[in-house]
Amino acid sequence: MTPPDTAAPTVERPADGLPPSADAQARLLLLIDVFSETKASKGIEGRMKLAKLDFLLRYPGHFRKLMSVRRPGTDIGEDPWLTGAIEQSMIRYRYGPWDPTYYSLLGALTGKGLIEPKHEDAVATYCTTPAGHEVARTLAGTESWRPVRERALLLRRHFNLSGTTLKDLIYETFPDIVEADWGSHL
């Protein structure tokens, strides 16, 4: 394993050079919306938390394992990605799983007026706008995206923790992620 302080992460762009897909934007919009819809919620606080929740959403096998450790016997419903295919794999970065397209995805959702980033004490918080909530609600009403929303609801119910706590849980449960070289695909 390469020591973190000497490793230079490899950041890969989508092979076709196009902006992040509509599916990736929809997935993040649904995730952010679920965390924005309660009166007490501010949305998703921090990109680290967003990345860890998205990791658990994208990788249903890892979600299943973490649920069996944290909440054994909980009905987790159907996997949101019935094909088992991951659109774009995440990479191992400084604080665990990361996707270099997050900046483009968040920028696209912000530019479309679907999410609103807020910055307090150097922490970015992402919440849906009323228009974003309507788009997320419409998506969640479809057969394709309903399981994604249901999985996001489970994430909110069982993993609405700080980004650091989520990182620590992932590191404890998946030592292969900790041992992976920076920039390697997960």
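User: Let's start with a crossing. In which hand does helix 1 pass helix 6, left-handed or right-handed?

Analyst: Bear in mind that this is a predicted model. For handedness, you look at how the near helix is turned relative to the far one, anticlockwise for left-handed and clockwise for right-handed. Here helix 1 passes helix 6 in a right-handed crossing.

User: Which residues make that contact?

Analyst: From helix 1 you have Leu30, Leu31, Val34 and Phe35, and from helix 6 come Val148, Arg149, Ala152, Leu153, Leu155 and Arg156. By class, that contact of helix 1 with helix 6 has eight nonpolar residues, two charged ones and no polar ones.

User: And the geometry: at what angle do helix 1 and helix 6 pack?

Analyst: About 45°, with the axes 9 Å apart; helix 1 covers residues 22-36 and helix 6 covers residues 146-159. That angle makes helix 1 oblique to helix 6.

User: Which residues does Arg156 touch, leaving out its sequence neighbours up to four places away?

Analyst: Arg156, which sits in helix 6, touches Val34, Phe35, Glu37 and Thr38. Its relative accessible area is 22%, so Arg156 counts as partly exposed.

User: What about helix 2 and helix 7: how far apart are their axes?

Analyst: The axes are 8 Å apart, and helix 2 (residues 47-58) packs against helix 7 (residues 163-173) at an angle of about 40°. Helix 2 and helix 7 are therefore oblique to each other. Their crossing is left-handed. Met48, Lys49, Lys52, Leu53 and Phe55 of helix 2 meet Gly163, Thr164, Leu166, Lys167 and Ile170 of helix 7. The residues of this contact of helix 2 with helix 7 split into five nonpolar, two polar and three charged.

User: How do I spot a helix with a buried side? Which residues of helix 5 are buried?

Analyst: In helix 5 (residues 130-140), the buried residues are Gly132, Ala136, Leu139 and Ala140. Looking down the axis of helix 5, these buried residues fall within an arc of 95°, so they line one face of the helix. Pro130, Arg137 and Thr138 are exposed on the other side of helix 5.

User: What covers the buried residues of helix 5?

Analyst: The cover includes helix 1, helix 6 and strand 5 (123-128).

User: Now the backbone. What is phi of Asp121?

Analyst: As background, most residues other than glycine have a negative phi, and most peptide bonds are trans. Asp121 has phi near 50°, a positive value in a residue other than glycine. Ala122 also has a positive phi, near 65°. Where are they? Asp121 is in the loop between strand 4 (115-120) and strand 5, and Ala122 is found in the loop between strand 4 and strand 5.

User: Is Asp121 buried or exposed?

Analyst: Asp121 is exposed, with a relative accessible area of 76%. Ala122 counts as exposed too, at 82% relative accessibility.

User: Let's zoom out. How many helices and strands does the protein have?

Analyst: Eight helices and five strands. Along the sequence they follow the pattern α-β-α-α-β-β-α-β-β-α-α-α-α. Of the 186 residues in the protein, 44% are buried. For contact order, take contacts with a separation of 6 or more: residues 24 or more positions apart account for 74% of these.

Technical notes:
Residues numbered from 1 in each chain as written. Predicted model: local features only at pLDDT ≥ 70, side-chain atom pairs only at ≥ 80, totals over all residues. Heavy atoms only, no water. Axes fitted to C-alpha atoms, helices over the stretch in contact; angles between N-to-C directions. Helix = DSSP H or I, 4+ residues; strand = E, 2+ residues; numbered from the N terminus. Parallel < 35°, antiparallel > 145°, perpendicular 65-115°, else oblique. Contact = heavy atoms within 4.5 Å. Nonpolar A, V, L, I, M, F, W, Y, C, P; charged D, E, K, R; others polar. Buried < 20%, exposed > 50% of the residue type's maximum accessible area, 1.4 Å probe, protein only. Arc of directions from axis to C-beta.
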